[in-house]
Every structure is written in C-alpha cells, then in structure tokens.
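Subject: Handing over the structure

Dear colleague,

I am passing on the structure below, together with some notes on what turned up in it. Please look through it with the notes beside you.

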Amino acid sequence: MMNKLEALRYFCSAAETLNFRETAQRLAVSPQVVTRMIADLETLLGESLFKRNTRNIKLTEFGEQFLPKATQYLAKGEQLFAKNNVKEKAMQGVVRITLPPMPYNDEILFELLTALEPYPDIAIDWRVGIDKLKSVDDQIDIGLRICQEPELDWVAQHICTFSEKIVASPALLKRLDFPKDLQDLAQNYPLSGLIDPKLKRIWQWQINAEQRFMPNRAIFFASDVQSELQSALAGRTCSYLINSVCDPYLENGRLVELFPEIEKQKWQLYLYRPYQTIVAERVIWVYNRLKEILLAKIVQT
C-alpha cells in the first residue's frame, strides 16, 4: 500500500528539481523508486503530474495546481511531528489512577494536584476503591495496590509494608472482657467485615499463613477500612485493620490491640504502572511525582 505522505514528499522534491535522478539522490533512493512513486500517485489522483520526455520533465497544469496543496499538507505534517509540538502535546490528556482507601489519600491528591500546576492540560481521573481495576478494560495508567507481591506485567515501586491488627474500643472490652483466644473472638464477639465487591460477600480474616476464619458474627459490613475503623471506635465491633489506619488510635488509647503476640499477615503497598513498550510522557511524569510524594508521606509517617 502506498504511503501517501511519502508520495507527496517525492512529488514536491521532483517538482523542485524537475529531474527524477536528482530527486533520487536527494532522497537517497534509486531513480526507479521515484518513477514508481510518482506513477502510483498519478494513478491515485487520476491525473498526470508531469509531462516528460527523454531530456526533461515539466509540471502539467494539474501538477501546478496540486503542488501548493501538497506543499501545505507536508508542512502541516512536519508541524505535527515537530519536537516542540510533540513535547507540548505530551503533557496533555488524561491520566487514570486507581488506589485503595487510605488515611493519607486526600493529602496525596492535594500534593499531586499542586505539583501539576505547570501542566493545566493534564486531567486526572482519580478512582478510590477496593475494586481491582484492570489496566486494559478500565484504561488504568497508574495504580496503588496492597498485595503480597507485584503482578508480572507491572513496572512497580515498593512503597512500604503494612501489618494488620485486631482492635477494639476500651468500652467494648469493658462490656465483654477480653476474648480468650481467636476461636472465642470468632464465635462470641461482634465483628466487622470488609466486603469483596466482586463476590458480594465479606472477606475472611487472614490472621497469618496458618490461621484464618470467616467473621460469621459480623454485625457491621463496609466497603472500605475507614468505615470499619469508625465501627471499632464507636465500640460496635472488634475489627481487623491495617496498622496505618488504627495506629494513631492505639497510641491515644481510643483502641486496644487484641492478641499482639500472634504474628499477623504482612502486606506490601506497590505503586505500579502496567508495562507497555511506549508510555506517554505525562504518565511517566505523574508516576514519578506520585512515587516521590508517597515515599515522603508514608515512609516517614
């Protein structure tokens, strides 16, 4: 299939030199290639562009009329791919980001949007939830995920390690006393449960590799850990929360940790972008800025 833009370049050069051999030298091709390209363009247009004999060539009347249009079209193509124009366009468009509910999300978002001040044409699609959005189906450019290990198709940056803690309010423990063990907790205490959005049911409490149970006595269900935290603070339930959510309340005495001697599940927080051969410059910029913000915010917290 003929490259139309390339054919126009051959035509404009030949119109300038009026010599196919010289045109071939300029374009570093053989004269036969120039002849064939011009012939293909003439066939496409249904008109002759040159009158030619063994000595010289000359533009036809149609060729003279077509030349300024072809020149203008080529000039626009050069502008489209000019470095400055490509650079300017690179920092325009949408960057879609998915992340779980975390205590610092508002601060992270504020810092990112502030850093984007020089790039007013970058649009941020910020999706907070526990759903695992897919890079292709949901067109996700960047993600934050709490998991055991990164997926194979990620370009990932490890941010920090989270542990989980079982917590309850002093008021609830005063009323019910401390549970004797995990079985007592599971069978006799009010619990909260985090909802799996895909299966439409609560996740089990995975205490560690050997110990886990389904919170069958759950009396509070939520789709995010911040809501579970409120249930625990209100003395409504015992809850199983990541340390970044509950640590401030353990320190000020509004929550008490249960079974601190039992080893708890560890989780990793990764910033990632799906691996692609070509990644938009705006996505790379936002990814790197988010990495700086997260490492400064979370690791130092």
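A residue is called buried here when its relative accessible area is under 20%. Please also keep in mind that this is a predicted model.

With that cut-off, the buried residues of helix α1 are Ala 7, Leu 8, Tyr 10, Phe 11, Cys 12, Ser 13, Ala 14, Ala 15 and Thr 17. The helix itself takes in residues 4-17, 14 residues in number, and from its first C-alpha to its last it reaches 20 Å, which is close to the 20 Å expected at 1.5 Å a residue. At the start of α1, Asn 3 brings a side-chain oxygen to within 3.1 Å of the backbone nitrogen of Leu 5, while just after the helix Leu 18 takes a positive phi of about 50°.

Strand β7 is mostly covered, with five of its six residues buried. Towards β11 the pairing of β7 is parallel and runs over four bridges, and Leu 191 stands opposite Ala 218 of β11. Towards β8, which covers residues 201-202, β7 is antiparallel and joined by two bridges: Ile 195 has Ile 202 as its bridge partner, and Asp 196 has Arg 201. These two strands, β7 and β8, form a hairpin with four residues between them, and in its turn Lys 200 has a positive phi of about 60°.

Which loop holds Asp 224? Asp 224 is found in the loop between β11 (218-222) and α9 (225-233), where this residue caps the N-terminal end of α9, a side-chain oxygen lying 3.2 Å from the backbone nitrogen of Gln 226. Asp 224 is buried and yet has no salt bridge, the nearest side chain of opposite charge being that of Lys 200, 14 Å away. Leaving aside residues up to four places away in sequence, Asp 224 touches Pro 101 and Leu 194.

After α9 comes Gly 235, whose phi is positive, near 75°.

Finally, there is Lys 266 in strand β14, which covers residues 266-274. Is Lys 266 partly exposed or buried? Its relative accessibility is 42%, and therefore Lys 266 counts as partly exposed, since partly exposed residues fall between the buried limit of 20% and the exposed limit of 50%. Apart from residues up to four places away in sequence, Lys 266 touches Gln 148, Thr 161, Phe 162 and Ser 163. By contrast, 75 Å separates the C-alpha atoms of Lys 266 and Phe 50, which are 216 residues apart along the chain.

With kind regards

Note on methods: Residues numbered from 1 in each chain as written. Predicted model: local features only at pLDDT ≥ 70, side-chain atom pairs only at ≥ 80, totals over all residues. Heavy atoms only, no water. Buried < 20%, exposed > 50% of the residue type's maximum accessible area, 1.4 Å probe, protein only. Lys, Arg positive; Asp, Glu negative; His and termini not counted. Salt bridge = Lys/Arg side-chain N within 4 Å of Asp/Glu carboxyl O. Contact = heavy atoms within 4.5 Å. Expected span 1.5 Å × (residues − 1). Polar contact = N/O pair within 3.5 Å; in protein donor to acceptor, adjacent residues only side chain to side chain. Pairing = 2+ DSSP bridges.
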